[in-house]
Amino acid sequence: MIDLRLSESELEAHREHLVQFIRDTAADAGTEQAVLGLSGGIDSTLTAYLAVEALGEENLHGLVMPGAVSREENMTDAEWVAQELEIPYDVFEINPIVDKLLDAYSEAEDDQLAVGNARARTRAVLNYLVANHEGALVLGTGNRSEALVGYFTKYGDGAVDCHPVGNLYKQQVRQLAAHLGVPDELVEKQPTAGLWAGQTDEEEMGIDYDTLDAILALHIDGPLSVSATARQVDGVTEEEVRRVSEMHARSEHKRRVPPSPDPLD
Ligand SMILES: Nc1ncnc2c1ncn2[C@@H]1O[C@H](COP(=O)(O)OP(=O)(O)OC[C@H]2O[C@@H]([n+]3cccc(C(=O)O)c3)[C@H](O)[C@@H]2O)[C@@H](O)[C@H]1O
Ligand SMILES: Nc1ncnc2c1ncn2[C@@H]1O[C@H](COP(=O)(O)OP(=O)(O)OP(=O)(O)O)[C@@H](O)[C@H]1O
Ligand SMILES: [Mg+2]
């Protein structure tokens, strides 16, 4: 299996690079302020640690946004992160807002995916409400693995101003978080989008992150063919590599600016 582990010196270089990225992105936008959603998951936790280093704790505003299906443990962890980093934070309950949306369009009520995505988009609206008011940027938390397969809600958690950890595969997010001193229980927690009860990323995608990362690094980011990738990654079939490749192709629209027609000749 391809080894995506980063050495201590590489981790330190990434840390400095990402901290500088946040500082530069904020400076280019003429602000020192940023907001981000804290879910208790590792992507937002790492992004918050880096942002505090970049901007200072007084300049980061955490939004903890529990909904009907949020696990209590995750919300407690999200608040722990804000308190540990000593950043100001608010807790916004999204349920009443999502319920209003479903009052308006009850046809979608039993559609798990549509409702789950509406939860992610409701959080985006709140992020921008605060960011507009405070003159702040919205920090995204997307990593390279989920970006490459489109495992995020378009204009939900994808609606942000930048993705500081967007060039790290999921397993490298965990490594960098551990390097920064994030506690093991957060680093090793099962990733979940938290859009419906019991959801986990790996179960929904049908692949574990280490395997996904390896296929992405070798075949989508790298030059290896489907068959060469299947030979390199333990226990992976060509069919599985093709499936990841299809997820990548089908989600191309999420990584692009929405298209308009060319001008008439
Ligand atoms: N070819 C195309 N060109 C242009 N637009 C296209 C399109 N195909 C679909 N669309 C549009 O995109 C929409 C579908 O995209 P979207 O609304 O995002 O919905 P969709 O991709 O179906 O669902 C979001 C996925 O991301 C996962 N997720 C969400 C949030 C967080 C996380 C996490 O990692 O924590 C994961 C979630 O569990 C689910 O699997 C369609 O309704 C349509 O409007
Ligand atoms: N309950 C929530 N409160 C605040 N923000 C949330 C909540 N749920 C999701 N988010 C935001 O949506 C982002 C995307 O969720 P995602 O699950 O991909 O990342 P994560 O929860 O940080 O890490 P993991 O993938 O390991 O669960 C989060 O990083 C966070 O910014
Ligand atoms: Mg999560």
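The model is predicted: local features need pLDDT of at least 70, side-chain atom pairs count only at pLDDT 80 or more, and totals for chains, interfaces and linings use all residues. Residues are numbered from 1 along each chain as its sequence is written, while chains are lettered from A and ligands numbered from 1 in the order in which they are written.

Start with the sheet. Helices (H or I, at least four residues) and strands (E, at least two) are DSSP runs, numbered from the N terminus. Two strands pair if DSSP finds at least two bridges between them. Here 4 strands make an open sheet, ordered β3-β2-β1-β4, with parallel pairing. The edges belong to β3 (89-91) and β4 (137-138); each has a single partner strand, so one side of each lacks a neighbour in the sheet. In general, strands of a sheet pair through backbone hydrogen bonds, either parallel or antiparallel.

Look at β2 (residues 60-64). It pairs with β3 in the parallel sense over 3 bridges. Leucine 63 has aspartate 90 in β3 as its bridge partner. Helix α3 (residues 72-85) lies across β2 and β3, at about 170 degrees to β2. Axes are lines fitted to C-alpha atoms, for helices over the stretch in contact, and angles run from 0 to 180 degrees between N-to-C directions.

Now turn to two helices. The axes of α1 (residues 8-28) and α7 come within 10 Å and cross at roughly 90 degrees. The two helices are therefore roughly perpendicular, a label for angles of 65 to 115 degrees. Leu11, His14 and Arg15 of α1 meet Gln175, Leu176 and His179 of α7. Two residues are in contact if their C-beta atoms, placed from the backbone, lie within 7 Å.

Last, the annotated positions. UniProt, in an unreviewed entry, lists Arg121, Lys154, Asp161, His253 and Lys254 under "binding site". Such annotations may be inferred rather than shown by experiment.

Aspartate 161 is in the loop between α6 (144-149) and α7 (170-179). It counts as partly exposed because it has 17 C-beta neighbours inside 10 Å. A residue is buried with 20 or more other C-beta atoms within 10 Å of its own, exposed with 12 or fewer, and partly exposed in between. Beyond its neighbours within four places in sequence, aspartate 161 contacts Leu137 and Val138.

Lysine 254 sits in the segment after α12 (238-250). With 15 C-beta neighbours inside 10 Å, lysine 254 is partly exposed. Leaving aside neighbours within four places in sequence, lysine 254 contacts Gly150, Lys154 and Gly158.

Conventions: Parallel < 35°, antiparallel > 145°, perpendicular 65-115°, else oblique.
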